[in-house]
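Subject: Structure handover

Hello,

Here is the structure you are taking over. Please open it beside the sequence and read the notes below with both in view.

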Amino acid sequence: TWPGLSHIAVNDMNEIVGLVCVRLKEEVKEATHAHIRSLSVLHAHRGQGIARQLMTRSLHSARTLFNVSEVTLHVRKSNKHAIELYTSLGFYQIMEKRRYCESQVIRPVSGSDISY
(Lines give C-alpha, C1' and ligand atoms only; values in the text may rest on other atoms or scores of the structure.)
Protein backbone atom coordinates (compact mmCIF):
# COMPACT_ATOMS: atom_id res chain seq x y z
CA THR A 1 0.00 0.00 0.00
CA TRP A 2 2.99 2.34 0.48
CA PRO A 3 5.41 1.48 -2.32
CA GLY A 4 9.05 2.09 -1.60
CA LEU A 5 8.88 1.90 2.19
CA SER A 6 9.52 -1.80 2.72
CA HIS A 7 12.65 -3.48 1.39
CA ILE A 8 14.19 -6.93 1.09
CA ALA A 9 17.79 -8.14 0.93
CA VAL A 10 18.68 -11.13 -1.23
CA ASN A 11 21.78 -13.30 -1.49
CA ASP A 12 23.63 -14.38 -4.66
CA MET A 13 21.04 -17.12 -5.26
CA ASN A 14 18.22 -14.53 -5.12
CA GLU A 15 16.94 -15.89 -1.79
CA ILE A 16 15.52 -13.44 0.71
CA VAL A 17 17.91 -13.07 3.66
CA GLY A 18 16.44 -9.96 5.28
CA LEU A 19 13.47 -7.63 5.20
CA VAL A 20 12.08 -4.48 6.71
CA CYS A 21 8.34 -3.78 6.69
CA VAL A 22 7.21 -0.19 7.17
CA ARG A 23 3.78 1.42 7.16
CA LEU A 24 2.47 4.93 7.43
CA LYS A 25 0.39 5.57 10.52
CA GLU A 26 -3.16 5.83 9.19
CA GLU A 27 -4.57 7.40 12.33
CA VAL A 28 -2.33 10.43 11.84
CA LYS A 29 -4.01 12.90 9.47
CA GLU A 30 -0.78 14.11 7.88
CA ALA A 31 1.30 11.30 6.42
CA THR A 32 4.32 12.32 8.46
CA HIS A 33 4.53 9.34 10.81
CA ALA A 34 5.76 5.88 9.84
CA HIS A 35 6.12 2.73 11.91
CA ILE A 36 8.71 -0.02 11.46
CA ARG A 37 6.55 -3.15 11.69
CA SER A 38 9.35 -5.67 11.31
CA LEU A 39 13.08 -5.90 10.70
CA SER A 40 14.53 -9.35 10.28
CA VAL A 41 17.75 -10.86 8.96
CA LEU A 42 18.41 -14.60 8.77
CA HIS A 43 20.78 -15.71 11.50
CA ALA A 44 23.47 -16.87 9.06
CA HIS A 45 23.57 -13.38 7.49
CA ARG A 46 23.69 -11.26 10.64
CA GLY A 47 26.67 -9.06 11.38
CA GLN A 48 27.11 -8.06 7.73
CA GLY A 49 25.34 -4.69 7.91
CA ILE A 50 22.18 -5.94 6.19
CA ALA A 51 19.82 -4.63 8.88
CA ARG A 52 21.51 -1.22 8.78
CA GLN A 53 21.20 -1.07 4.99
CA LEU A 54 17.53 -2.06 5.12
CA MET A 55 16.76 0.53 7.80
CA THR A 56 18.72 3.25 6.00
CA ARG A 57 16.86 2.60 2.74
CA SER A 58 13.47 2.60 4.43
CA LEU A 59 14.16 5.75 6.43
CA HIS A 60 15.38 7.51 3.29
CA SER A 61 12.31 6.35 1.33
CA ALA A 62 9.96 7.48 4.10
CA ARG A 63 11.55 10.92 4.14
CA THR A 64 11.83 11.47 0.39
CA LEU A 65 8.68 9.73 -0.89
CA PHE A 66 6.24 10.56 1.91
CA ASN A 67 7.81 13.49 3.76
CA VAL A 68 7.85 11.45 6.99
CA SER A 69 9.29 13.32 9.95
CA GLU A 70 8.72 10.74 12.68
CA VAL A 71 9.35 7.00 12.73
CA THR A 72 8.54 4.66 15.61
CA LEU A 73 9.20 1.01 16.33
CA HIS A 74 8.99 -1.55 19.10
CA VAL A 75 11.91 -3.62 20.29
CA ARG A 76 12.33 -6.15 23.06
CA LYS A 77 14.50 -4.97 25.93
CA SER A 78 16.53 -8.16 25.62
CA ASN A 79 17.46 -7.45 21.98
CA LYS A 80 20.64 -5.49 22.71
CA HIS A 81 22.01 -5.70 19.15
CA ALA A 82 18.83 -4.20 17.71
CA ILE A 83 18.80 -1.44 20.32
CA GLU A 84 22.42 -0.61 19.45
CA LEU A 85 21.52 -0.45 15.76
CA TYR A 86 18.48 1.76 16.32
CA THR A 87 20.39 4.07 18.66
CA SER A 88 23.17 4.45 16.09
CA LEU A 89 20.51 5.47 13.55
CA GLY A 90 19.25 8.27 15.82
CA PHE A 91 16.40 6.47 17.59
CA TYR A 92 15.86 6.81 21.31
CA GLN A 93 13.49 5.33 23.88
CA ILE A 94 10.30 7.29 24.49
CA MET A 95 8.36 4.78 26.58
CA GLU A 96 8.23 1.24 27.82
CA LYS A 97 5.21 -0.97 27.23
CA ARG A 98 5.24 -3.72 29.80
CA ARG A 99 2.66 -5.88 28.03
CA TYR A 100 4.10 -5.68 24.54
CA CYS A 101 6.72 -8.42 24.40
CA GLU A 102 8.58 -6.65 27.20
CA SER A 103 9.32 -3.94 24.64
CA GLN A 104 10.63 -0.44 24.34
CA VAL A 105 9.29 2.09 21.86
CA ILE A 106 11.94 4.32 20.36
CA ARG A 107 12.00 7.01 17.67
CA PRO A 108 14.44 9.47 16.13
CA VAL A 109 15.41 12.62 18.02
CA SER A 110 13.79 14.78 15.31
CA GLY A 111 12.55 14.56 11.75
CA SER A 112 15.83 15.89 10.45
CA ASP A 113 17.62 12.88 11.92
CA ILE A 114 16.03 10.58 9.34
CA SER A 115 17.03 12.53 6.25
CA TYR A 116 19.80 10.18 5.10
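**Notes on the model**

V22 has a relative accessibility of 7%, so V22 counts as buried, the limit being under 20%. V22 is found in strand β2. Please keep in mind that this is a predicted model.

Leaving aside residues up to four places away in sequence, V22 touches W2, L5, S6, A34, H35, I36, R37 and S58. There is also a distance you can check on screen: V22 and L59 lie 37 residues apart along the chain, and their C-alpha atoms are separated by 9.2 Å.

S6, one of the residues that V22 touches, is found in the segment before β1.

**The chain as a whole**

The chain has two helices and six strands. Along the sequence they follow the pattern β-β-β-α-β-α-β-β. Of the 116 residues in the chain, 35% are buried. Among the contacts with a separation of 6 or more, 52% are between residues 24 or more positions apart.

**The two helices**

Two packed helices are described by the angle between their axes and the distance between the axes. Here helix α1 covers residues 50-66 and helix α2 covers residues 80-88. Their axes come within 11 Å and cross at roughly 40°. α1 and α2 are therefore oblique to each other, and their crossing is right-handed.

Which residues make the contact? On the α1 side they are A51, R52 and M55, and on the α2 side they are L85, Y86 and S88. Sorted by class, this contact of α1 with α2 has four nonpolar residues, one polar residue and one charged residue.

**The nonpolar core**

The largest nonpolar core has 24 residues. I36, M55, V71, L73, Y86 and F91 are the ones with the most contacts inside it. Two of these names have come up already: M55 and Y86 are also part of the contact between α1 and α2.

Which element gives the largest share? That is α1, with five residues.

**Two backbone angles to look at**

Most residues other than glycine have a negative phi. N14 has a positive value, near 65°. N14 sits in the loop between β1 (7-10) and β2. With a relative accessibility of 62%, N14 counts as exposed, because the limit for that class is over 50%.

N67 also has a positive phi, about 55°, and is not a glycine. The place of N67 is in the loop between α1 and β4.

Regards

Terms used
Residues numbered from 1 in each chain as written. Predicted model: local features only at pLDDT ≥ 70, side-chain atom pairs only at ≥ 80, totals over all residues. Heavy atoms only, no water. Axes fitted to C-alpha atoms, helices over the stretch in contact; angles between N-to-C directions. Helix = DSSP H or I, 4+ residues; strand = E, 2+ residues; numbered from the N terminus. Parallel < 35°, antiparallel > 145°, perpendicular 65-115°, else oblique. Left-handed = near helix turned anticlockwise from the far one by under 90°. Contact = heavy atoms within 4.5 Å. Nonpolar A, V, L, I, M, F, W, Y, C, P; charged D, E, K, R; others polar. Core = buried A, V, L, I, M, F, W, Y, C linked by side-chain atoms within 4.5 Å. Buried < 20%, exposed > 50% of the residue type's maximum accessible area, 1.4 Å probe, protein only.
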